[in-house]
Amino acid sequence: MKNKKWHDLRKNPKDLPKNNSTVLDENGDKIEYIEYGKWEVYSEYYERYIEVDPPIAWCEVPIFEE
């Protein structure tokens, strides 16, 4: 597994992932960055994506390699 860099949005609010990217938030939960500061997560309750507040930090989802 490659080490991924954490991006702290409190220090640099413009350090955003690519549009329509799924990343991990500071809690390790998957969150999707749409664009223009809009973030969404999939809600099992509503069975659709819902808009959420921006995370404090994010990192790329790790890729496991053999």
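Contact here means heavy atoms within 4.5 Å. The model on screen is predicted, so local features need pLDDT of at least 70, side-chain atom pairs count only at pLDDT 80 or more, and totals for chains, interfaces and linings use all residues. Residues are numbered from 1 along each chain as its sequence is written, and side-chain values use heavy atoms, with hydrogens and water left out.

**Whole chain**

Start with the protein chain in cartoon view. There are zero helices and six strands, and the pattern along the sequence is β-β-β-β-β-β. Helices (H or I, at least four residues) and strands (E, at least two) are DSSP runs, numbered from the N terminus. Along the principal axes, the C-alpha atoms fill a box of roughly 35 × 30 × 20 Å. Of the 66 residues, 29% are buried; buried means under 20% relative accessible area, exposed over 50%, and partly exposed in between, with a 1.4 Å probe and protein chains only. Among contacts with a separation of 6 or more, 43% are between residues 24 or more positions apart.

**The sheet**

Colour the strands next. They form an open sheet of six strands in the order β1-β6-β2-β3-β4-β5, with antiparallel pairing. At the edges stand β1 and β5 (48-52), each with a single partner strand, so one side of each is left without a neighbour in the sheet. Two strands pair if DSSP finds at least two bridges between them.

Select β1 and β6 (residues 57-60): two bridges join these antiparallel strands. Move on to β2 and β6, which pair in the antiparallel sense over three bridges, with Val-23 opposite Glu-60 in β6. Then take β2 and β3, an antiparallel pair with four bridges, where Leu-24 faces Lys-30 in β3.

**Tyr-33**

Stay on β3 (residues 30-35) and select Tyr-33, which lies in this strand. Is Tyr-33 buried or exposed? Its relative accessibility is 3%, so Tyr-33 counts as buried. Beyond its neighbours within four places in sequence, Tyr-33 is in contact with Leu-16, Pro-17, Lys-18, Asn-19, Asn-20, Ser-21, Lys-38 and Trp-39. Its side chain also reaches the backbone nitrogen of Tyr-36 at 3.2 Å. This is a polar contact, meaning a pair of N or O atoms within 3.5 Å; within protein, one must be able to donate a hydrogen and the other to accept it, and residues adjacent in sequence count only if both atoms are side-chain atoms. For a distance across the model, draw a line from Tyr-33 to Tyr-45: they are 12 residues apart along the chain, and their C-alpha atoms are separated by 20 Å.

**Asn-20**

From the contacts of Tyr-33, pick Asn-20. This residue is in the loop between β1 (7-8) and β2 (21-25). Asn-20 is exposed, with a relative accessible area of 53%. Leaving aside neighbours within four places in sequence, Asn-20 is in contact with Glu-32, Tyr-33 and Ile-34. Glu-35 is 15 residues from Asn-20 in sequence, and their C-alpha atoms are 6.9 Å apart.

**Salt bridges**

How many salt bridges does a search of the whole structure find? There are two, a salt bridge being a side-chain nitrogen of Lys or Arg within 4 Å of a carboxyl oxygen of Asp or Glu. Return to Asp-8, whose side chain meets that of Arg-10 in a salt bridge (3.0 Å, N to O). Arg-10 is exposed at 63% relative accessible area.

Then select Lys-38 and Glu-40, where the closest N and O atoms of the salt bridge are 3.7 Å apart. Lys-38 is partly exposed, with a relative accessible area of 31%, whereas Glu-40 counts as buried at 16%.

**Aromatic rings**

Finish with the tyrosine rings. Rings of Phe, Tyr and Trp (its six-membered ring) pair if their centres lie within 6.5 Å; planes under 30 degrees apart count as stacked, over 60 as edge-to-face and the rest as tilted. By this rule there are three aromatic pairs. One of them joins Tyr-42 and Tyr-49, with ring centres 5.4 Å apart and planes at 70 degrees, so the pair is edge-to-face. Tyr-42 is partly exposed at 41% relative accessible area, and Tyr-49 is partly exposed at 43%.

The rings of Tyr-45 and Tyr-46 have centres 4.9 Å apart and planes at 85 degrees, so this pair is edge-to-face. Both residues, Tyr-45 and Tyr-46, are exposed.
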